[in-house]
Amino acid sequence: QQQSGVPWLVVSHDPLEVLALATHALFLEEGRIVASGDPRGFFAVSAGAGALLALGAENVFDVRVVERGQGTLRVETAAGTPLVLASVPGAAAPARVAIRSEEVLLAGEMPHSISAQNVFTGTVSALEPVAEQVLVRLDVRGERWTAKVTRGAVERLVIVAGAKLVLIVKAHAIL
């Protein structure tokens, strides 16, 4: 587009694609424009940004709020998995959260010192190759989680069905 000078009109449901391609965007909800402008500004300040980024998220859980902290919310999934997410002043407490698979880190052992507040174990139930990536399906307290890793990570961590792994999720990655 920059070489030809011809404007593009791209329709996308992927907010990461919008951030990568667009300099101006129209955000639609139920057929109506709810925001327009530079998508980086929208994602930085809008309460709707979390919902847009959650589109396509593989990990979606109903939650209940357990505690409010300084800039955080402590919630619990239906199965009892505790999660800490970053809170926005004035935002309503969520009834559901979403986490994209690429935001779930996997480790072979529990870290000793880490800034992430969401660190828990799960059992690998399946591996699904997708091009050069692998979707790792995990069982955590009876809930299905998905992490996206490279084939190299699968080899380095020796990820196989039945393996016990540590899942790590930053508070800001929970939408």
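Below are my entries, from the whole chain down to single residues.

**Entry 1: the whole chain**

I began by noting that this is a predicted model. Next I looked up the secondary structure, and the protein chain has four helices and 11 strands. I then checked burial: of the 175 residues in the protein chain, 34% are buried.

**Entry 2: the core**

I asked myself which residues have the most contacts inside the largest nonpolar core. I found Val104, Leu106, Val136, Leu138, Trp145 and Leu167, in a core of 28 residues. Strand S9, residues 133-140, gives the most to this core, with four residues.

**Entry 3: Val136**

I picked Val136 from that list, and found it in strand S9. Is Val136 buried or exposed? Its relative accessible area is 0%, so Val136 counts as buried. I then looked up what Val136 touches, leaving aside neighbours within four places in sequence. The contacts are Leu106, Val124, Ala126, Leu127, Trp145, Thr146, Ala147, Val149 and Ile159. I noted one distance as well: Val154 is 18 residues from Val136 in sequence, and their C-alpha atoms are 8.8 Å apart in space.

**Entry 4: Asn118**

I moved on to Asn118, which sits in strand S8, residues 118-130. With a relative accessible area of 1%, Asn118 is buried. What does a polar atom of its side chain lie 2.6 Å from? I found the backbone nitrogen of Val84 there. Beyond four places in sequence, the contacts of Asn118 include Pro82, Leu83 and Val84, and also Leu167, Ile168 and Val169.

**Entry 5: salt bridges**

I turned to charged side chains next. Side chains of opposite charge can pair when their charged atoms come close. How many salt bridges are there? The count comes to six, and I looked at some of them.

- Arg74 and Glu67 form a salt bridge through their side chains, at 3.6 Å from N to O. Arg74 is partly exposed at 37% relative accessible area, and Glu67 is partly exposed at 43%.
- Arg100 and Glu102 meet at 2.9 Å, N to O. Here Arg100 is buried, with 13% relative accessible area, whereas Glu102 is partly exposed with 32%.
- Glu128 and Arg137 also form a salt bridge, with 2.9 Å from N to O. Glu128 is partly exposed at 30%, while Arg137 counts as buried at 13% relative accessibility. Through shared partners, salt bridges join Glu128, Arg137 and Arg144 into one network.

**Entry 6: a patch on the surface**

I finished on the outside. Which residues form a nonpolar patch on the surface? I found Trp8, Val10 and Leu21, with about 330 Å² of accessible area together. I took a second look at Trp8, which lies in the segment before helix H1, residues 15-21. Trp8 has a relative accessible area of 55%, and the cut-off for exposed is over 50%, so Trp8 counts as exposed.

Key:
Residues numbered from 1 in each chain as written. Predicted model: local features only at pLDDT ≥ 70, side-chain atom pairs only at ≥ 80, totals over all residues. Heavy atoms only, no water. Patch = residues over 30% accessible without salt bridge, like charges linked within 9 Å, V, L, I, M, F, W, Y side chains within 5 Å. Areas by Shrake-Rupley, 256 points an atom, 1.4 Å probe, with all protein chains shown as cover. Salt bridge = Lys/Arg side-chain N within 4 Å of Asp/Glu carboxyl O. Helix = DSSP H or I, 4+ residues; strand = E, 2+ residues; numbered from the N terminus. Buried < 20%, exposed > 50% of the residue type's maximum accessible area, 1.4 Å probe, protein only. Core = buried A, V, L, I, M, F, W, Y, C linked by side-chain atoms within 4.5 Å. Contact = heavy atoms within 4.5 Å. Polar contact = N/O pair within 3.5 Å; in protein donor to acceptor, adjacent residues only side chain to side chain.
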